[in-house]
Amino acid sequence: MTVDFIFDLLNQFLPGFSGNGFLLLFAMLIPCLILFGFIAVYALVVIYAELKVSSFIQDKVGPMGQGFGFHAGKWGLLQPVADALKLLTKEDIIPGSANRVLFIMAPFMIFIGAFVSFVAIPFGESIIVADLNIGIFYILGVGSLAVIALILAGWSSNNKWSLYGAMRSAAQIVSYEIPAGISLITVIIITGSLNMQEIIAYQQGGIFNWILFDNPFIPVAFVIYFISALAETNRTPFDLPESESELVAGFVTEYSGMRYAFFFLSEYANMFVVSAVAATGFLGGWQSPISGYLDSPGWGVFWIMSKIAFLIFIMIWIRWTVPRLRVDQLMNVCWKVFLPIGLINIFGVAIWTVLLGS
Amino acid sequence: MGVVHGQEMVLNIGPQHPATHGVLRLQVKTDGEVVSEITPYLGYLHRCFEKHCENVTYEQVIPYTDRCDYLASMTNNFGYVVAVEALMDIKVNDRVEHIRVIMAELQRIASHLLGLGAFGLDVGAFTPFLHMLRDRERILDLFEMTCGARLLYNYMWVGGLSHDLPVGFVESTYNFLDYFEPKIDEFVNLLVHNKIFVERTADIGRMPQEVAVSYGVTGPNLRASGVKWDLRKNDPYSIYKSFEFDVPVGEGGKGSVGDCWDRFYVRVLEMKESIKILRQALASLPKEGDIHQSIPKKIRPPKGTIYKRTESPRGDLGYYIESDGTNIPYRLKMRSPAFTALSVIDEIAAGWLLSDVLAILGSLDIVLGEIDR
């Protein structure tokens, strides 16, 4: 557990400060800062990936450039940096009729929702900020914080488009949490634990021990989880809250500059979180796909990152391929398709586990 | 906008909105997501086209027609010069006629490509839009090769054309057709049969035959409702009589006749028919013929009036010209197909959800430059 580890380390090297709580605060701050830096860098990388993958799909070249002048850098590598700088230096506009307090609060709220999920994501056997015994439950729980932030943003903007976006996203995220949770229950049934590390430990021993291949019901659960995750992160085909051709930009219509960047950042952070949960719950987490091969702690980070990267690539791929659903069709898919299938799936997994269980 | 009840909200879509295809403002009355009333407001792009025409000579009108339907400038030129030529009783030679048809059909494909792509964009499919723009670009390259312009051509003149076809144009066009024909099937696979796309468009915004006819809707929108009406067949102008092609009509392939999906698919089929015409026209293109042969020294039509209509990518494009015997039209009226298409929106889109209204608007394929003029 990282916080305890850093706290012990600090106590050892700075014995003069121990006892007044300062070191504990410091020990908590360090992993948070590291995570924040990680999210920022990850966002730049995934924005670049999104640009390049979409260019590949759409038969264009995407960001290009030579050297490090005022172009976008070699292969356009500096394009996301330029985007980030542009957003940082933009004028900060708050509409006159907006509710200032809520308007300012919303981008931070949504980012907190995405950020706190990161503490329970295991990157390796010992690389986890907080190894909670209810890790998967915790991530599902704090993931719902985003709804509050979206409603705040939509309501406080005092804009009809924002309001539409907020109402759509509230309905959407709340609904899709149910199939997402239901499909994760199957994982919990099999492993008998809510702890992320224990779920991963269960899948030890190569690709065929992953939960995905545990029994024939699990792939269904995985697909349901992945599609629900798309809906929860407002990605196409479920990007109704910010559908640019209908609602201008949905709940972010009135946001600009840094505040807009925070919405953007948390969308990408959420993508990471849901992919990490999928990788942990179904794809063996930081375990190597081949038992005993490249499974040192350093390679563990590599394995989980490549699994997450693969899932994010699929999300980008889907985004640039399919059209958008309509709001009532979205609800139909959730309540009339995913929910019944998910429930039947739970029974299937439960019976399978009881009869043929490990 | 009538009485707004407690639960209802009035929403302004546009004039600055990503889905209005220009500067259109739709005032919609919504109850939650359901739209109960739509009022389009026009005039944001009004440039006094008809009044301008009363003050410039006949040949100077042609660049103005370019700027009406800026996505189908060639066919706008075409309609105007056909009208003036009929008024002056000018016959152009075969080569000019062939080149005009080739240009008009290329323009039809280009216009449909943009219309279909933008419709895809309206329902959230971004990639097909760029694929279609990529192919449209090749048509614009052909136009650029011919007359130097990519959007506003001023290519067809009364009695002739501004430039002859450049060397290599025919081969380039053949190359384009060979490249483009399989691409249509790609679009069909990518978008037309996409499950989500079908869900979003089939049975949505159905325009019954009677409604379409009574509103005067023409072009692909009318044909999607099952009416076989194409001026190239029903009132042939130029040399369209000599080509073989079909007039595709909506058959309700995924839902009912006249829905958004039909309006989309009819345009796809029309591109295929245009390719047929292009192949025939290129094959029979006369080698000889001076394109400036019939251009009159002075364009002074005799006193009289004429109404001539042609099939633009959006429907019946009519020009009414009243001449008082001078070199300036006394009155010029343009019948815009997009205008009638827009007028039907309240009839077919009321009662649908907000997302559907924008899909229906996209399926009508309007161009605001032509509506406002």
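Leaving aside its neighbours within four places in sequence, which residues is B:His21 in contact with? I began with this residue and found B:Ala118, B:Ile366 and B:Leu368 in contact with B:His21, where contact is taken to be C-beta atoms, placed from the backbone, within 7 Å of each other.

**Entry 1: ground rules.** I noted that this is a predicted model, in which local features need pLDDT of at least 70 and side-chain atom pairs count only at pLDDT 80 or more, while totals for chains, interfaces and linings use all residues. Residues are numbered from 1 along each chain as its sequence is written, and chains are lettered from A and ligands numbered from 1 in the order in which they are written.

**Entry 2: B:His21.** I placed B:His21 in the loop between β1 (8-13) and β2 (25-31) of chain B, with helices being DSSP runs of H or I of at least four residues and strands runs of E of at least two, numbered from the N terminus. B:His21 is buried, with 26 other C-beta atoms within 10 Å; the cut-offs are 20 or more other C-beta atoms within 10 Å for buried, 12 or fewer for exposed, and partly exposed in between, with C-beta atoms placed from the backbone. I also looked up B:Arg136, which is 115 residues from B:His21 in sequence and 17 Å from it in space, C-alpha to C-alpha.

**Entry 3: chain B as a whole.** I counted 15 helices and eight strands in chain B. Its radius of gyration is 21 Å, which agrees with the value near 21 Å for a compact globule of 373 residues; the radius is taken over C-alpha atoms, and the globule rule is 2.2 Å times the number of residues to the power 0.38. Along the principal axes, the C-alpha atoms of chain B fill a box of roughly 65 × 45 × 35 Å. I noted that 51% of the 373 residues of chain B count as buried, and that, of the contacts in chain B with a separation of 6 or more, 71% are between residues 24 or more positions apart.

**Entry 4: α5 and α6 of chain B.** Helix α5 (residues 126-147) of chain B packs against helix α6 (residues 169-192) of chain B at an angle of about 165°, with the axes 11 Å apart; axes are lines fitted to C-alpha atoms, for helices over the stretch in contact, and angles run from 0 to 180 degrees between N-to-C directions. I therefore recorded α5(B) and α6(B) as roughly antiparallel to each other, given that angles over 145 degrees count as roughly antiparallel, under 35 as roughly parallel, 65 to 115 as roughly perpendicular and the rest as oblique. The residues making the contact include B:Met132, B:Ile139 and B:Leu142 of α5(B) and B:Phe176, B:Phe180 and B:Phe187 of α6(B). By class, the contact residues of α5(B) with α6(B) are eleven nonpolar, three polar and three charged, with Ala, Val, Leu, Ile, Met, Phe, Trp, Tyr, Cys and Pro counted as nonpolar, Asp, Glu, Lys and Arg as charged, and the others, Gly among them, as polar.

**Entry 5: α11 and α14 of chain B.** The axes of α11(B) and helix α14 (residues 354-364) of chain B come within 9 Å and cross at roughly 25°, which makes α11(B) roughly parallel to α14(B). I found B:Cys260, B:Arg263 and B:Phe264 in α11(B) meeting B:Ala359, B:Ile360 and B:Ser363 in α14(B). This contact of α11(B) with α14(B) has four nonpolar, one polar and one charged residues.

**Entry 6: positive phi.** Most residues other than glycine have a negative phi. I noted B:Asn154, with phi near 50°, in the loop between α5 and β4 (156-157) of chain B; B:Asn154 is partly exposed, with 18 other C-beta atoms within 10 Å. Phi of B:Ser238 is near 50°, and B:Ser238 lies in the loop between α10 (231-234) and α11 (260-283) of chain B, where B:Ser238 counts as buried with 20 C-beta neighbours inside 10 Å.

Entry 7: Chain A has twelve helices and zero strands. Buried residues make up 44% of its 358 residues, and its C-alpha trace spans about 60 × 60 × 45 Å along the principal axes. I found 22 residues of chain A in contact with 27 residues of chain B. On the side of chain A that touches chain B, helix α12 (residues 327-356) of chain A gives the largest share, three residues, and the residues of that side divide into eight nonpolar, six polar and eight charged.

Technical notes: Contact = placed C-beta atoms within 7 Å.
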